[in-house]
Amino acid sequence: MLAKYVARRFLASLVVVLGVTLITLVLMDRTRGTYVPGIDLNPALRPEDIARLRADLGLDRPFYIWYITWIWGVVHGDFGRSMIDGSTVMSHILDRLPNTLELTGTAILIGIIIAIPVGVIGALRHGSKADHTLTVVSVAGFAVPQFWMGLILILIFSVTLEQHGLPWLPSSGAYSAVNGGDFIDRVEHLILPATVLSFFYMSTWSRFIRSSMLEVLSQDYIRTARAKGMSERRVVYLHGLRNALIPLVTLIGLELPGLVSGGLVVEVVFGWPGIGKLAFERALQYDYTTVMGVTFFATMLVIAGNLLADLLYGVLDPRIRYS
Amino acid sequence: MIGPSRVAELDMPGAAIEGASTRPAQSYWNESWERLRANRIGMAAGILILIFALIAILAPVFSAVLTHFQPQTIDLSQTFSPPGGKHLLGTDELGRDTLTRLIWGARVTLGVALLTVAVSLTVGTAVGMMAGYYGGWLDDVLMRLVDTVLAIPAIFLFILMSILFRPTPVSLALIIASVGWGQVARLVRGEVLSVKQRDFILATRSIGARHLRLMLRHLLPNVLPVLIVAASLGVGQIILIEAALDFLGLGIQPPTPSWGNQLTNAESYFFHSIWLVNFPGLLIFVTVLASNVFGNAIRDAFDPRLK
Amino acid sequence: MSRDEVADDKGFEQFEKFLEAWSRRDFLKRAGAAGAYMAFLGGAVEFLDACAGGSPTTTTTAKKGGHVVEGNFSDIRTLNSMLSSDTASNQVIGLMFDGLLNYKANGDLIPALAADLPKQSADGLTYTFKLRPNLKFSDGQPITSDDVKFTYQLAYDPQYAEVSSPRRGDLSKYIASIDTPDPQTVVIKTTQVFAPFLASHGLYGILPKHVLGSLSAKAINTADFNTAPSVTSGAFKFVSWEKGQQVTMARNDNYWAGAPYLDQWIYKVLPDSVAVTNQLKTGEIDIGPVDPGQFDALKTTSTVAMREFGVPTFTFYAYQLDPSKPAGPLFQDKAVRQALLYALDRQSIVTAVFFGHGKVANSVEPPTSWAYKDKPQVLVNFNKAKAESLLDGAGWTKGADGIRAKNGTKLKFTMITNAGNKQRESMLTVMQQAWHDIGVDATPNLIQFPQLVSQIVSIRTFDLFLVGFNWSADPDVSPLYHSRNAVPGGFNGADFKNDQADTLLDQALNTLDRTKRKQLYGQFQDLMSDLQPSPVILFNNGIYGVNTRVQGTDFGPFNQFAQRPWNHGVWVTDGK
């Protein structure tokens, strides 16, 4: 039963993947332009050079030939080379992917750590002033443009702290330029961007936990537990929280698809060397191959993530059947 | 960005409405309205958005009567004036009046948001309705299409499209809507599926009602609450997306003012003219906050269980 | 080879340090290099040191050790000097690879790997270089004439035709042959007299033949060397390139001018100009290019010293001059072109948009060039009345809507520039307003940079574009103004075709006599000031923020990017 479902989904996903690559390629194809990708306005470059460089990069081939060649390459695991720097697209992706996962993963972690207590307190004290304040705060966190928050945090925790001789946080990059790279160094660099990124998760999940908790707490079996004389604390944490958290797992699973691209703006603001920033920069420079490779990769992750989330959902909630 | 809509999916308000639809529709809507009205904060948020929208629509009037400046008039002798005096909220790097540009910027920002929501909802509802109602191969094809659109990380798609199509307010709205409709379609299809099996639907079909009539008169009203919630939350989301695109340089291009591009533009002048950053930032924040609060209030009003 | 062994270098170094101290005193700035040298010889060093009060102290004992972090906006793309075409890559390559020659701050050529400036034959076609004795790559292998020949071959020799070098067009056109009679001598024969040859092509970083020589042409395009050069010929050697983050380089003990003081030089990639400012303040970076709008924010930081100098970068706009294009007919008349320029208050643009960090341009040559003519024949100053009268005289009369028209055609067009450049966006807005005031309807349109380049170079359906340009040390401006570059693929986007201009430019290229060239360029500038096909708005200033602990930097108009002969002399006061 499960196998059939997975097989069907996989087939459907294949169609989707092909559709995605086609759309991306059509969009990118319009960017072929008539110049050489990534070359600055260079007076030393002559018309013959431009023509030759374009031919070298295969920019004169018709659209469908390009697509077929590319798909053929992808099937063999070859994403081609960047049109701008000649490095393989795969090497770019593999260089940056861990950084992005590190960032989004940490943001999710921070989101969970903060959302749970906020949601629980809101549920337990629902209707009270504390509840309303927490609601407003968590909703507010989601209302601030990420780059604005990033700028403000940098100005407070990086520049102002440093100017006053206090310990301060770095404002860009994944590690220090000199002698960087150790665990503490990486964590220092992670704090600001992960915090900005986590606000989104914090806000969404704290509200969800709150309503989930409320729903669970109003269930009959909770009343029974109380009637049986169980301490309030046990009622809340043992029964209430555990059951309220189950759907949260699925929610987190739902975020898996966005793991790769969700941090793009934060990556750009903080100069975080991730995949989102790579895709953005290369798109602006009309680096065909890299953008295609990254989009394909990200899409695969989205589809895989969706599949995983659906499976998780089904596993966790036995009421769902694969029909 | 995918957050609230997907949360809405999980909340399955459709399930909650399931019991409600057996009551006469009239009283359900009335009850919901009463619940909404009782939520003072929610109402305040909704009214705030309405006020901003009004100001945006009446921008030329405000320009002429309140500030006496046009949004594009530059004055190089008055650059970076602090708030106060002739320029209530100060001036920017080319001496343009900030308040005027914020008012006109509201036009662009809110206009983009509303247009996007309108297009997303229309297309998404049509597709979701047809997929859910007809089922079968049409459902498969349409949902695969939706899956395809939703599989590409939205921000990537926006970047690519913004590079290609000159980002005017209208084209930007269409670009953002090109992803948004997918989420709406999924939502609507879910609703339709859960309502489809209801007895009254089967009964109506058996007496030979035409499909379109069925969809419009019976399915649509049941889907409407979900749509309204999605619309209200969507406005806030889209304002943030537009601001993010402006930050990346791909949104509304100067000199046309929008809150997002005013915020982005002002960042490098933060050190000496902080008001240029904070005013647009605050407006975005307040509007998105209001949209979230109002959206949640509407959701709570339609389904009191979740409160 | 230690510093002390090369007496010439020591003297040169001291003179350089003297110049740096000298130029800090504003009142002496105008004395010029010659006067400075005279004073130097006359023992003025002690005098200046005695007058040290009020200026930053230059301790004469350089400390060994430490690092410098330099920030910039773009990541590099390649580290192969013959394959690179972007500024970022060239800058980092300049730290690791030396060429035959280098620039002084004012653009004059100085010998680098070559022992002296080359001997030129009487007919001007042959350049004979003698390399310095005992040159070594970072791995200890000797740098010989074979390496020089190999490097250039990658771009001009048909054997290496498959190497994707952006330099191939020029080099294959101008190089007839390169001979290496002995390991110390390189003889380059050019196909014709080409005055900019040395300035444009004498600086390429020399690559190691013993590493790349065994590779086929195609393999060179994708060689590992391009992303991780194992052997270098410059002040620093390569340690690592963390993509999207930084390039780390370490001291090259085999460097011909002496091992650098610094242990490491790091080139760090930053998101934007605000990040540069922030990180200069916190000390995360030591050197960075400063946006004019942030100058004041940094000026007050006690740990940062500002360096500002004129650079051969200018911002100009060009009219569509091809009559077959939509806006072409509008700009055929010289009166219209001049009138639009008269209507622009360029000084207020420099003040408001660039915060004063620039200079209004009177000429198409940069003020930093020896060929610059400050007062050309036609001096266009801000004169709105004159603009209006010129347009009236040309038959463009104001209509009921306030917009001028002639024979039913309105004076209405679109201006393009690249999105994401704040100054250019602001300039278009200012221009729009200024021209609106004289009855011209101009609309700004921001497009992505690659599209802008496409428009300028090939598609050419624009009405008017605004862009910035960087000249090299040679005053030749043919790429922009010669008619042969008006074909798709060339940079003469405006389609400017003028026989007189062509002749002047070609003549100036064909002679090596600087006096004669200066005279020709003077005539050219006069011609351009009258015709105004692409009015130059301003010449930018280069601005760098340098942490006060960093000593020995010597930024100048032609010493800011890749051409920095002073890299190895940089040291840090705290040795960290």
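1. A polar contact is a pair of N or O atoms within 3.5 Å; within protein, one must be able to donate a hydrogen and the other to accept it. With that in hand, here is a friendly walk through this structure, which is a predicted model. Between chain A and chain C, seven residue pairs are in polar contact, with both residues of each pair at pLDDT 80 or more.

2. Which elements of chain A give two or more residues to the side that touches chain C? They are helix H2 (47-56), helix H4 (89-124), helix H6 (146-163), helix H10 (264-269) and helix H11 (275-284) of chain A. Of that side, H6(A) provides the largest share, with seven residues. Sorted by class, the side of chain A that touches chain C holds 26 nonpolar, 15 polar and 11 charged residues.

3. Now for the extent of this interface. Counting contacts, 52 residues of chain A meet 55 residues of chain C. The size of an interface is often given as the accessible area lost when the parts come together. For chain A and chain C the buried area is about 4,300 Å², and carbon and sulfur atoms give 54% of that area.

4. How many salt bridges does the rule find across the interface of chain A and chain C? There is one. C:Lys243 forms a salt bridge with A:Asp95, and their closest N and O atoms are 3.7 Å apart.

5. About 1,900 Å² is buried between chain B and chain C, with carbon and sulfur atoms giving 61% of the area.

6. As for specific pairs across the interface of chain B and chain C, the rule finds zero salt bridges. It does find four residue pairs in polar contact there, again with both residues at pLDDT 80 or more.

7. What does chain B look like by itself? Of its 307 residues, 59% count as buried. Among the contacts in chain B with a separation of 6 or more, 72% are accounted for by residues 24 or more positions apart.

8. Three strands of chain C form an open sheet in the order S14-S15-S16, with antiparallel pairing. Strand S14 (397-398) and strand S16 (409-410) of chain C stand at the edges with a single partner strand each, so one side of each is left without a neighbour in the sheet. S14(C) pairs with strand S15 (residues 404-406) of chain C over two bridges, in the antiparallel sense. For C:Lys398, the bridge partner in S15(C) is C:Arg404.

9. Last, one residue in a loop. C:Arg132 sits between strand S5 (126-130) and helix H5 (145-156) of chain C. Is C:Arg132 buried or exposed? C:Arg132 is buried, because its relative accessible area of 13% falls under the 20% cut-off. A polar atom of the side chain of C:Arg132 lies 3.4 Å from the backbone oxygen of C:Ala114.

Technical notes
Residues numbered from 1 in each chain as written. Chains lettered and ligands numbered in written order. Predicted model: local features only at pLDDT ≥ 70, side-chain atom pairs only at ≥ 80, totals over all residues. Heavy atoms only, no water. Contact = heavy atoms within 4.5 Å. Buried area = accessible area lost by both parts, 1.4 Å probe. Salt bridge = Lys/Arg side-chain N within 4 Å of Asp/Glu carboxyl O. Helix = DSSP H or I, 4+ residues; strand = E, 2+ residues; numbered from the N terminus. Nonpolar A, V, L, I, M, F, W, Y, C, P; charged D, E, K, R; others polar. Buried < 20%, exposed > 50% of the residue type's maximum accessible area, 1.4 Å probe, protein only. Pairing = 2+ DSSP bridges.
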